[in-house]
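Open the model in your viewer and keep the sequence panel beside it. The tour below goes from one selection to the next and says what is found at each stop.

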Amino acid sequence: LLRNELLQNPKQAPDWLKLAIVDALAFNSITGEGGPDASVQFDVANMKLTSAKPIIDKLKDIQTQVQRTTEVSLADLIAYAGAEAIEASGGPRIQVQVGRYDATKPVGGAQPHLDFYDGLDGAALTKAFDTSGLSPKDMALMVGAIVGVEKAAQLAAGGGATAKKGSGGGGDEDDDDMFPEDGGIFIPQTFGSQKAMFGDLLTKEPFDQTVFSTALNGKAGKCGMLLGSGEVADEAKKYASGKRELYIKDLTDSYMRVSSNGCNLTGAKVLQ
């Protein structure tokens with residue numbers, strides 16, 4: 001469901017990831033309140049990130065469809081949507097454990113939700129990561145991931161060819177049953193099956209650490225500028241000169257840490 005939506009509307013992929021990060025950054029490590037609990041839904045109507053409310057509305061619609069067969073919270077779905085944006089852009093498959101509770105109203109003591117639009121100040125983002133108990137390394141990896149997803153989304157929206165996940169060797173032969181040519185929606189029996197979530201990628205271009213070089217050279221737009229100073233820039237420089245394998249591993253670990261920050265996950269299953 002999520003992959004189909006991204007393939008039909010690739011421009012929204014970066015904002016899926018931004019909203020997942022924003023929801024998680026509401027955790028306040030000082031008060032112990034907030035976190036990835038879907039409370040971002042109460043603020044999206046007033047955000048300058050104008051896609052925020054339509055995305056939340058779409059995720060609620062997908063949640064309703066998924067709940068025909070599998071119980072899932074909106075908070076889980078937001079976290080999974082961010083991971084799906086990364087994977088659909090050619091990045092790693094990130095296993096997202098379920099069990100987040102949905103907030104029923106704004107949470108007192110939580111951090112205010114950031115408005116992750118083009119005018120977001122780097123100092124404000126740095127403060128949010130710090131107050132959430134997350135590191136400059138986590139911030140560098142998350143911003144780098146957004147830059148990578150933005151690149152893939154721009155290529156896809158401009159007519160860039162898509163690529164089969166795992167194409168070039170050993171792909172599943174019955175994928176057409178999961179993604180019918182008539183555009184119908186496949187509703188999996190569980191999120192736990194990797195095969196059930198198999199789908200096209202937004203672009204054939206590689207998802208790698210070169211996003212940091214691009215950003216540090218001022219060629220990655222407003223989001224890339226968030227990597228431009230202090231400890232965050234130092235981390236970005238390390239990845240820019242490092243190996244893809246290390247970047248992908250650290251990105252996977254960081255997203256799992258960010259998307260579960262401050263919450264006690266009640267489910268044993270993972271969304272893959």
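A polar contact here is a pair of N or O atoms within 3.5 Å, where one atom must be able to donate a hydrogen and the other to accept it; residues adjacent in sequence count only if both atoms are side-chain atoms. The model is a predicted one.

**Stop 1: Ser39 and Asp37**

Select Ser39 and Asp37 and show their side chains. A polar contact of 2.6 Å joins the two side chains. Ser39 sits in the loop between helix 2 and helix 3. Is Ser39 buried or exposed? Its relative accessibility is 4%, so Ser39 counts as buried.

Now show what surrounds Ser39. With neighbours within four places in sequence left aside, Ser39 is in contact with Asp23, Ala103, Val107 and His113.

**Stop 2: Ala38**

Select Ala38, which belongs to the loop between helix 2 (13-24) and helix 3 (52-66). What is the phi of Ala38? It is positive, about 65°, although Ala38 is not a glycine. Most residues other than glycine have a negative phi. Ala38 has a relative accessibility of 0% and therefore counts as buried.

**Stop 3: the aromatic rings**

A pair of aromatic rings is described by the distance of the centres and the angle of the planes. How many aromatic pairs does the model contain? The count comes to 4.

Select Phe207 and Tyr247. Their ring centres are 6.4 Å apart and their planes stand at 10°, so this pair is stacked; planes under 30 degrees apart count as stacked. The pair links distant parts of the chain, 40 residues apart: Phe207 lies in the loop between helix 7 (175-178) and helix 8 (210-216), and Tyr247 lies in helix 11 (residues 244-259). Phe207 is buried, with a relative accessible area of 4%, and Tyr247 is buried too, at 0%.

Tyr239 counts as buried because its relative accessibility is 5%, and buried means under 20%.

**Last selection**

Select Phe207, Phe212, Tyr239 and Tyr247 together: ring pairs link these residues into a cluster.

How values were computed. Residues are numbered from 1 along each chain as its sequence is written. This is a predicted model: local features need pLDDT of at least 70, side-chain atom pairs count only at pLDDT 80 or more; totals for chains, interfaces and linings use all residues. Side-chain values use heavy atoms; hydrogens and water are left out. Rings of Phe, Tyr and Trp (its six-membered ring) pair if their centres lie within 6.5 Å; planes under 30 degrees apart count as stacked, over 60 as edge-to-face and the rest as tilted. Helices (H or I, at least four residues) and strands (E, at least two) are DSSP runs, numbered from the N terminus. Buried means under 20% relative accessible area, exposed over 50%, partly exposed in between (1.4 Å probe, protein chains only). Contact means heavy atoms within 4.5 Å.
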